[in-house]
Amino acid sequence: MCLQTGGPTGVLHVYQGGLAGFKTRLSPLALAALCRGRVVRVPAGSLVRVVGTELVIPCNVSDYDGPSEQNFDWSFSSSGSSFVELASTWEVGFGAQLYRERLQRGEILLRRTANDAVELHIKDVQPSDQGHYKCSTPSTDATVQGNYEDTVQVKVLADALHVAASPLSSPGPGLGRSLSLHLGEPFELRCEAATTSPLHTHLALLWELRHGAARQRVLALTREGRLHPGPGYEQRYHGGDVRLDTVGSDGYRLSVNRALAADQGTYRCVVSEWIEEQGAWQEIQEKAVDVATVVIQPTEPDYQVYLNASKVPEFSDDLTELECRVVDKRSMEGSVRVTVSWYYRVNRRDDDVVTSELLAAMDGDWTLKYGERSKQRAQDGDFIFSKERADTFSFRIQRTTEEDRGNYYCVVSAWTRQRNSSWVKSRDVFSKPVHIFWASEDSVLVVKARQPKPFFAAGNTFEMTCKVSSQNIKSPRYSVLITAEKPAGDLSSPNETKYIISLDQDAVVRLENWTDASRADGVVLEKVQEDEFRYRMYQTQVSDAGLYRCVVTAWSPVRGSLWREAATSLSNPIEIDFQTSGPIFNASVYSDTPSVIRGDLIKLFCIVTVEGAALDPDDMAFDVSWFVVHSFGLDKDPILLSSLDRKGIVSTARRDWKSDLSLERVGVLEFLLQVHGSEDQDFGNYYCSVAPWVKSPTGSWQKEAEISSKPVFITVKMDVLNAFKYPLLIGVGLSTVVGLLSCLIGYCSSHWCCKKEVQETRRERRRLMSMEMD
């Protein structure tokens, strides 16, 4: 197995949205590709950008397993380590806090170009955007092979390129105004370009002529200093009719000796800055300035344009087809050809300025170019632009959405052939708009449930069918969910809705909350007809009593294999009600140790009583669970302690304290829970929950409704005498030792320190006694 944990870091220069290309990596990516492991690629090399421009980093993944559409995560590091999360195609809140505002404003966004490719767009690049960008893909492979991430470095430079238009050097109006010329007259245009970049960069210059939305290259000066004429200008350049000269250190002059009809339009000077790194030239910046608009009056052909809607949608996802026809083509000889441009305009009721959006446009060579609105949908085959006949153009929307409602119009352009075989636009004619709209009526979905067969007692099969009808929903498919609710009089689980089984719009069945392992195949949901579904429950039990409904959702198809939720409806309930005179079970809790001292044994008895019909002990079994609530008022959630199933298997839940539990059946209807080595945390309200099982005459076991006992409060006290015995003994001992030590110190002090003084006192007394005797 080939295993590669990380992708290589490469270097590439990119200008705005342009990608110079992926460089071939022979190692280790080539090895990973040979092993057919996942390969994640970003451009190789460092990516040089200029402040204020747009950064586009493409990333793709290949040789992977799993779904065709892959997800991508982008992260950023200014130093190449400690990457922070930037953006993700599948996690909305993926980006770090410092990027949230830029993501919300759309300054940073991800644009998916294919199922296995995505582009990271950063508008208005700032110096803080310099660093390393890592593209990662979550694994969907059966084995870990190849690389799952790749990193590219981005360098941000200051803007040092200056481009400006110079005054015109020809008869006529000055800079910034239209230059009106007659056929055959000469004219000159000037442009200034210079850079103060600290790097060793080269400049390239392009003179561009724009005819409406179309652009045409006139002359280009490459970074190596070579001149290249654009398409249609080769003969005029080599014949000296069109030339480019330098004026001073930073001036560039475009000279046209004889103006032709094809020379009409706006002339733009486009300057790009290039840098050479690792033996390859990469463009790092481009600036453009409009120099002047040249107006030459050609002979206009005469014709009219009509637009009609041959197919109008009635629902979302319907087909829309528009036809743009050219009629009354007078003065249109063989040297004139027509093309079409399609536009969309939203119909608004306020006074806001309404702008038209270009959907697609043909140039003189009938090459179709898409606008931003239609580019992706045209690639997906949803927008189709075609030329049906020489005078008819069509536009088709395969699946019309509500966002497509509005006004559409076409513009037919006449192009005239020039002497150099090029085509120049001579006239535009607009059609009247066609309004595409349909009423969005509310979807109606009705579900009716019925019970085709009578239902008698536990153990029988329950069957329910659901019939669906809909309105204002196109080509609906239905998904069905079966739910169950407890009857209104059942207080054990009020307002609880249980999801049992579901069937989606692709007829895939899934068990929802049906967790009874012994009845894994006990429920079936199937599609009888396109609008009818049947639910069966085998070997019903008393615990199955309740209200059963069908929750139906209608789905409409959208682009590709996707579905859109149109409406959801709930059926009427079908009730399962067991009329039985069987036994009635009750549960109670008793404890002869409601108050214990910490460390003592707590005993709790769960006693089950049976009323009504007498049952043999062998025909009864019980599932018993013990719970405790650590509060006086039962205002906290219960904690499961231990459970014993009807087969005698005991399960003890994990707890946060250390006392031991034991649970046993001590009688036919008695169950004993013991808490050994009780602790302070063992206080609270204890109760048991019992699920009776009764053996039916047919020999099958039926589960009865679950019952719960009333709680018993258990208190755990502390033994005060034992708690203070050792501290008291230690205190008395210390006091005795301190007293004896004090007496010893006093005795020693009086014996040794005061002996002489006592003797002198005695002599004075004897002398006094002698004097008295005399």
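Two strands are said to pair if DSSP finds at least two bridges between them, and strands themselves are DSSP runs (E, at least two residues), numbered from the N terminus. The structure described here is a predicted model, in which local features need pLDDT of at least 70 and side-chain atom pairs count only at pLDDT 80 or more, while totals for chains, interfaces and linings use all residues. Residues are numbered from 1 along each chain as its sequence is written, and side-chain values use heavy atoms, with hydrogens and water left out.

| Partner of β40 | Bridges | Facing residues |
|---|---|---|
| β35 (residues 477-485) | nine | Ile-482 and Cys-550 |
| β41 (residues 563-570) | seven | Pro-557 and Trp-563 |
| β42 (residues 574-576) | three | Tyr-548 and Ile-574 |

The contacts of Ile-482 (heavy atoms within 4.5 Å), not counting residues up to four places away in sequence, include Met-464, Ile-500, Leu-525, Tyr-535, Tyr-548 and Cys-550.

**An open mixed sheet**

Elsewhere, six strands form an open sheet with mixed pairing, in the order β14-β22-β21-β16-β17-β18. Because β14 (178-181) and β18 (227-229) stand at the edges, each with a single partner strand, one side of each is left without a neighbour in the sheet. Within this sheet, β16 (residues 201-211) and β21 (residues 265-277) pair in the antiparallel sense over 10 bridges, and Leu-205 stands opposite Val-271 in β21.

**Aromatic pairs and charges over rings**

The structure holds 22 aromatic pairs, counted when the ring centres of Phe, Tyr or Trp (its six-membered ring) lie within 6.5 Å, with planes under 30 degrees apart called stacked, over 60 edge-to-face and the rest tilted. The rings of Phe-622 and Phe-671 have their centres 6.1 Å apart and their planes at 75°, so this pair is edge-to-face. Phe-622 lies in strand β46 (residues 620-629) and Phe-671 in strand β50 (residues 670-676), so the pair ties together parts that are 49 residues apart in sequence. Both Phe-622 and Phe-671 are buried. Another edge-to-face pair is formed by Phe-683 and Phe-713, at 6.3 Å centre to centre and 70° between the planes. Phe-683 is partly exposed, with a relative accessible area of 27%, and Phe-713 is partly exposed as well, at 24%.

Trp-342, Tyr-344, Tyr-370, Phe-383, Phe-385, Phe-395 and Tyr-408 form one aromatic cluster. The charged end of Arg-373 sits over the ring of Tyr-344, 4.0 Å from its centre, a charge being placed over a ring if NZ of Lys or CZ of Arg is within 6 Å of the ring centre and within 35 degrees of the ring normal. Arg-337 likewise lies over the face of Trp-366, at 4.3 Å from the ring centre.

How values were computed:
Helices (H or I, at least four residues) and strands (E, at least two) are DSSP runs, numbered from the N terminus. Buried means under 20% relative accessible area, exposed over 50%, partly exposed in between (1.4 Å probe, protein chains only).
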